[in-house]
Amino acid sequence: MEKTIRVLVAKPGLDGHDRGAKVIARALRDAGMEVIYTGLRLTPEQIVQAAIQEDVDAVALSILSGAHNHLLPRVVDLLKEENAFDDILVLGGGVIPDEDIPGLKEKGIAEIFTPGTATQVTIDFIRNNLKK
Amino acid sequence: MDLYNGLLNKEKRAIARMISLVERNDSEALEVLSRLYKFSGNAHIVGITGPPGAGKSTLTDKLAKNLRKEGKKIAIIAVDPTSPFTGGAILGDRIRMNKLSTDPGVFIRSMGARGHLGGISKATHAAVKILDIAGYDYIFIETVGVGQSEIDIVKTTDTVIMVMVPGLGDDIQALKAGIMEIADIFVVNKSDRDGADRTKVEIEMMLDFSCSQWRPPVTKVIATIDKGIDELLANVSEHKDYLVSSGAFLSKRILNSEAEIIGLIKDKIIDRIVNASSNKNDVKMYAERVAKREIDPYTACAKLLSKSVKEVNDGEGKKN
Ligand SMILES: Nc1nc2c(ncn2[C@@H]2O[C@H](COP(=O)(O)OP(=O)(O)OP(=O)(O)O)[C@@H](O)[C@H]2O)c(=O)[nH]1
Ligand SMILES: [Mg+2]
């Protein structure tokens, strides 16, 4: 049977709204993926445990708070602690300055999607970079 | 990943991977499941159903938290039967349960319907077994009450909790036929709203007409503030005791197993007759002829059946 791609969409951090996360959640659903939507204000620990229990292929984190340099690598580190990083793609989205992107990629974040990126780009990226 | 030992050792990653594999009918995972089946049967399986937005997830979250205080291990399967045709789905039940995610004694899994009509699929049955083997004391299955899924949920669970909200009024009348037989426990959630007492009375009045041995309790609850959850848990354990003392526990599980076996046989037959690549075109061809009135559907069915039975017999003969 064909594999259904599963993606956890979360918006960690303490700030505001989850509009961006909802947009990407809907786009991934319309592309035939199963989106586990966890809403606002999750901690990296909650995200990683949810990702493991849901056995997702990717974790897509929408971040507006400027805490990306802390939150994104933290999710990667926790996944590594659980031996799950080899299976799960970590993606970031939101207002992230260009100069921070190379550092984040070095720390294991597969790709960063800044505002204005067409949702199709994200969909294609997930499809073409699945780890398992 | 060593699924067999991983599952025996109750590792969350192995549990999670097993569920993904059975969802796509992976034969290796199903083989592991049949070898470990003997270790299942200890969990109490509770279905939580009711209209969209009734507070099922909030309630499940609170039930789980209270049972955790007693040291019970809890698994939750949240089924969304309403996915559209694309196969994609947004599964949002975890939103109400995020704090449970990091509890080592809790496992939460969201499942889409994947084109399966009516909520509780074969994969849900398999996921229940996996979580049972993994030693969870209670397995909650949340599903929106939409027709078929309500009936399916009975065939998968020991206790069904029907979540209602104040002011359903006429809806209760309309739902009556369907829900009366399947619910073991009624909850009037959102009892902070007007009309909770009236809704409770209306449900009680309908129950007066029922003549089954077990009279479903009707409990008012405010899930958001954890009010009435103790009483509801007492209802669950009373129902469990009733099932055991009346002998209904085993007879219900036998009925469930019967339904499951029949379901599996149906799937296999459909796989062989309808989905088999050699027959796909035949089905299409007959469909066209039936539509054009060149042949009737009963004859078409008989022809496909007899052709496939012959193929199956030939195939089995070769294997043995
Ligand atoms: N006033 C009030 N609101 C509640 C209560 N329980 C849940 N809610 C709210 O009802 C809304 C829906 O709750 P959920 O737990 O998501 O309901 P659900 O039945 O799981 O919803 P679906 O899975 O989408 O069908 C949320 O906004 C809850 O906060 C309650 O006892 N009182
Ligand atoms: Mg829900």
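Visitor: What percentage of the 320 residues in chain B is made up of buried residues?

Guide: This is a predicted model, in which local features need pLDDT of at least 70, side-chain atom pairs count only at pLDDT 80 or more, and totals for chains, interfaces and linings use all residues, while side-chain values rest on heavy atoms, with hydrogens and water left out. Residues are numbered from 1 along each chain as its sequence is written, and chains are lettered from A and ligands numbered from 1 in the order in which they are written. A residue is called buried under 20% relative accessible area, exposed over 50% and partly exposed in between, using a 1.4 Å probe and protein chains only. Of the 320 residues in chain B, the buried share is 50%.

Visitor: How many helices and strands does the secondary structure of chain B have?

Guide: Helices (H or I, at least four residues) and strands (E, at least two) are taken as DSSP runs and numbered from the N terminus. Counted in this way, the secondary structure of chain B comes to twelve helices and eight strands.

Visitor: What percentage of the contacts in chain B with a separation of 6 or more comes from residues 24 or more positions apart?

Guide: A contact means that heavy atoms lie within 4.5 Å of each other. Among the contacts of chain B with a separation of 6 or more, residues 24 or more positions apart account for 74%.

Visitor: By how many degrees are neighbouring strands of the open sheet in chain B turned against each other on average?

Guide: Two strands count as a pair if DSSP finds at least two bridges between them, and angles are taken between axes, which are lines fitted to C-alpha atoms (for helices over the stretch in contact), and run from 0 to 180 degrees between N-to-C directions. Seven strands of chain B form this open sheet with parallel pairing, in the order β4-β2-β5-β1-β6-β7-β8. Its edge strands, each pairing on one side only, are β4 (106-112) and β8 (218-220) of chain B.

Visitor: What is the bridge partner of F186(B) in β8(B)?

Guide: Strand β7 (residues 185-188) of chain B runs parallel to β8(B), and three bridges join them. In β8(B), the bridge partner of F186(B) is V218(B).

Visitor: Which residues are the protein donors of the magnesium ion (ligand 2)?

Guide: Donors are N, O and S atoms within 2.8 Å of the metal (3.2 Å for Na, K and Ca), and the site may look incomplete because water is not among the atoms. The donor residues of this magnesium ion are spaced in sequence as S-x35-D-x48-E. At 2.1 to 2.2 Å from the ion, the protein donors are S57(B) (OG), D93(B) (OD) and E142(B) (OE).

Visitor: Is D93(B) buried or exposed?

Guide: S57(B), another donor of the magnesium ion, lies in helix α4 (residues 56-69) of chain B, 36 residues from D93(B), which sits in the loop between β3 (89-91) and β4 of chain B. The relative accessibility of S57(B) is 7%, so S57(B) counts as buried. D93(B) has a relative accessibility of 17%, so D93(B) too counts as buried.

Visitor: How many of the 14 residues of α4(B) are buried?

Guide: What covers its buried residues includes β1 (44-50), β2 (74-80) and α9 (229-246) of chain B. Among those buried residues are K56(B), T58(B) and L67(B). Of the 14 residues of α4(B), the number buried is eleven.

Visitor: Which residue with a positive phi follows α3(A)?

Guide: Helix α3 (residues 68-81) of chain A has 14 residues and reaches 20 Å from its first C-alpha to its last, close to the 20 Å expected. Its buried residues include H68(A), L71(A) and V75(A), and their cover includes β1, α2 (44-53) and β3 of chain A. The residue that follows, with a phi near 55°, is N83(A).

Visitor: How many residues of strand β1 (residues 6-12) of chain A are buried?

Guide: Both faces of β1(A) are covered, with R6(A), L8(A), A10(A) and P12(A) on one side and V7(A), V9(A) and K11(A) on the other. β1(A) runs parallel to strand β2 (residues 34-42) of chain A, to which six bridges join it, and also pairs in the parallel sense with strand β3 (residues 58-63) of chain A over four bridges. Of the seven residues of β1(A), the number buried is seven.

Notes:
Expected span 1.5 Å × (residues − 1).
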